[in-house]
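Subject: A structure for you to look at

Hi,

Here is the structure I promised to pass on. Have a look at it first, and then read on for what turned up.

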Amino acid sequence: MKKILIVDDEEQIRNILRIYLVKEGYEVLEAEDGEKAMKLFYEKPVDLVVLDVMLPKKDGWSILREIKRYSNTPVLMLTARDNSEDEIFGFEIGADDYVTKPFNNKILLARIKSLLKKSNSIPDNVIKLGDLTINDISHSVTNAGEEIELSPKEYELLIYLVRNNKIVLSREKLLNEVWGYDFLGDDRTIDTHVKNLRKKIGKGSIKTIRGIGYKLDL
């Protein structure tokens, strides 16, 4: 049975979705705020997340970033804000689909089924790229079949680079996404971690883009 996490601070919305999804044969988990959502997500792996943007304690954008940093789990954003800029922003940071309230139950269900069908072919906890194989549950990494040891931050940086393979990323972008916006360090932190990663996964794997930052090229 597929498991779906509904994250919305409106009880009525959660009730409507739960009743409809359970009727269709899905198991449903619910969270009314961002902190509870992430607690459930880590404790009880789910197949899909229906996520509102405006949430207490932790907003939907932050949750989306965190989910996509560590998982392939599809996320359908659900919001009352009919704003094209919000929609574009959501897709840019990893949303798989976007539905505005009020929504049609049949259309929402069709989109959920479509996302689940697409995700069936992608192992949620295993990422393969070139010679790299990453297990997101055990946080183990192998390169050409040989296991390599990474520090927690090296692992986070590698995951972010892998999910943005062949995309040029500025040092500022890497600092914000991997270390967080409140990090007080400087660019040398990025350079040091990239240098260490190159030694472990191959010197030519991470290219320096002069004046900008780095690009994983696998």
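To get your bearings, in which helix is the place of P152? P152 sits in helix α6. Please keep in mind that this is a predicted model. P152 counts as exposed, because its relative accessibility is 66% and the cut-off for exposed is over 50%. If you look for V46 as well, its C-alpha atom is 24 Å from that of P152, and the two residues are 106 apart along the chain.

You will find K101 in the loop between β5 (97-100) and α5. K101 has a relative accessible area of 16%, so it is buried, as the limit for that is under 20%. Its side chain is joined to that of D8 by a polar contact of 2.8 Å. Apart from neighbours within four places in sequence, the residues in contact with K101 include D8, E10, I13 and D52, and L78, T79 and A80 are also among them.

Now for the largest pocket, which holds about 710 Å³ of space. Where does it lie? The largest pocket lies between domain 1 (3-119) and domain 2 (126-216), because both give residues to its lining. That lining is made up of 27 residues, and K68, I93, G94, R163 and N164 lie nearest the centre. By type, the lining has 12 nonpolar, 5 polar and 10 charged residues. Among the elements that each supply at least two of the lining residues are α3 (60-70), β6 (126-129) and α6 (152-163).

Enjoy exploring!

Best wishes

Methods. Residues are numbered from 1 along each chain as its sequence is written. This is a predicted model: local features need pLDDT of at least 70, side-chain atom pairs count only at pLDDT 80 or more; totals for chains, interfaces and linings use all residues. Side-chain values use heavy atoms; hydrogens and water are left out. On a 1 Å grid over the protein atoms alone, a cavity is a set of points where a 1.4 Å probe fits but cannot get out, and a pocket is an open set with protein on both sides within 12 Å along at least five of seven lines; lining residues have an atom within 4 Å of a point. Grid points are joined across faces, edges and corners, and a volume is the space filled by probe spheres set on the points. Helices (H or I, at least four residues) and strands (E, at least two) are DSSP runs, numbered from the N terminus. Ala, Val, Leu, Ile, Met, Phe, Trp, Tyr, Cys and Pro count as nonpolar, Asp, Glu, Lys and Arg as charged, and the others, Gly among them, as polar. Domain bounds come from an automatic or database domain assignment. Buried means under 20% relative accessible area, exposed over 50%, partly exposed in between (1.4 Å probe, protein chains only). A polar contact is a pair of N or O atoms within 3.5 Å; within protein, one must be able to donate a hydrogen and the other to accept it, and residues adjacent in sequence count only if both atoms are side-chain atoms. Contact means heavy atoms within 4.5 Å.
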